[in-house]
Amino acid sequence: MPLENITPELNRDLVQACLEGTDEMVSLLREMVLIQSGSHNKPGVDQVAGFISQTLAPLGLELTRHPCPAHGDILLAETPAAGDRDNILLVGHMDTVFPKGTDFNWFKQDEENCYGPGVVDMKGGLVIGIFALKLLSQRGLLADIPLRFIFNPDEEIGSPVSRGLISREAKRAALALVLECGGTKGEVVTGRKGKFGFKLEVKGQAGHAAYAEAAKPSAILELARQIIVLEGLNNRMPGLTVNVGQIEGGIGPNTIAPNAKALVDVRFSTPKELDFFHSSLKEATETGLIPGTSVQTEPTSQRPAMDQSQGNLKLYQVLAQVAALLGQELDHEFRQGVSDANLIAAQRTPVVDGLGPLGGKDHSDQEFIVTKSLAPRAALFTLSLLECSRLCQTGVFTSPLRRAAL
């Protein structure tokens, strides 16, 4: 598959521009990282959206803010060539896991890395996406690329307000690229586990601890039984993991606990594994309960598994060809965590994730990116947009809407 519109001259020009643009990318990154944008900090996430809008304003894009009363707003950027179908969908989130008031509220740089909240998850990816659009605009190439870019405010909490827009745009897109961080060796992501999060609530009957018996109707005792059952599901199927990550309950040591609850995280690779979990959960919560107790479950977040589909692997091969032009080796991986790419894949849209910079220790106060990875990843992403645009416009990739109409 020849890369017809990426001439050697354009290749060299864009690569050199990325190398020379590292300081500019670090400056953009610093400004975004220093805006506190924990998922529940609406003013902060909105400030990031405003900063991105201001940065993109000179590029000739149509910018739309979708107001979200309880969360940050969604920002949508579109090129003039973006149509009703067969376009490129880009997705990146503006929120971080760090709440407002955290002490991890700084940015620093040493000889190798940049550090700060969200620096790799995923403000570094946003910087690469923004920088690529700017380069293409400066060379008069951006307007003709059929592209939509969703900057969403809520990925770290399951994308509750943005998942509808992401899913709708995925149906209209011929392919999608997501800018979460790259793998430790630069791998992109062609598959991901799915996630099911839920709250487990147990009701018991309060009473005086002095008169408690072995069969007391304690919500904590029943919750303990449930936890043992749930944790026992680990390794029962190859891709299934269960983690009871938070518990609380009771009103004091001298009272039989009338209530208790737990937050549970389930990861799975296939629908069969999720079905097995749900069957096991139903059995655990409906049978063998301590007399006087009851159990209820409430979903808190959910993303389907992202299969390493033929479409995803086909798109990966395109990116690998572009990487080869740049003298880069590009491998791919199945990643344990979830992202908005899971939502896109559910619409049967080819998607590759992990196109952001390299780094690590995300979700911790040691989060970092490798500064020298910014330029090569920006070059890869910029040239990939050009090649993906050609393949969309020539029908090599088509949207689920078009495939359904054939």
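Me: Before the sheet, what makes two strands pair here?
Reply: Two strands pair when DSSP finds at least two bridges between them. The model under discussion is a predicted one.

Me: Which strands form the open sheet, and in what order?
Reply: The open sheet has 6 strands, in the order β1-β2-β6-β3-β7-β14, with mixed pairing.

Me: And which are the edge strands?
Reply: The edge strands are β1 (62-66) and β14 (351-352), each of which pairs on one side only.

Me: How many bridges join β1 to β2?
Reply: Strand β2 covers residues 74-78 and is joined to β1 by 5 bridges; the two strands run antiparallel. Opposite glutamate 62 stands glutamate 78 in β2.

Me: Which helix packs on the sheet there?
Reply: Helix α3 (residues 42-56) does, touching β1, β2 and β6 (147-152). The direction of α3 makes about 170° with that of β1.

Me: Changing topic to α4 and α10: at what angle do the axes cross?
Reply: The axes of α4 (residues 119-138) and α10 (residues 374-393) cross at roughly 55° and come within 9 Å. The two helices are therefore oblique to each other.

Me: Is that crossing left-handed or right-handed?
Reply: The crossing of α4 and α10 is right-handed.

Me: Which residues meet there?
Reply: From α4, the residues are Ile128, Gly129, Phe131, Ala132, Leu133, Leu135 and Leu136. They meet Leu374, Arg377, Ala378, Phe381, Thr382, Leu385 and Leu386 in α10.

Me: How many of them are nonpolar, polar or charged?
Reply: The contact of α4 with α10 comprises 11 nonpolar, 2 polar and 1 charged residues.

Methods: Residues numbered from 1 in each chain as written. Predicted model: local features only at pLDDT ≥ 70, side-chain atom pairs only at ≥ 80, totals over all residues. Heavy atoms only, no water. Axes fitted to C-alpha atoms, helices over the stretch in contact; angles between N-to-C directions. Helix = DSSP H or I, 4+ residues; strand = E, 2+ residues; numbered from the N terminus. Parallel < 35°, antiparallel > 145°, perpendicular 65-115°, else oblique. Left-handed = near helix turned anticlockwise from the far one by under 90°. Contact = heavy atoms within 4.5 Å. Nonpolar A, V, L, I, M, F, W, Y, C, P; charged D, E, K, R; others polar.
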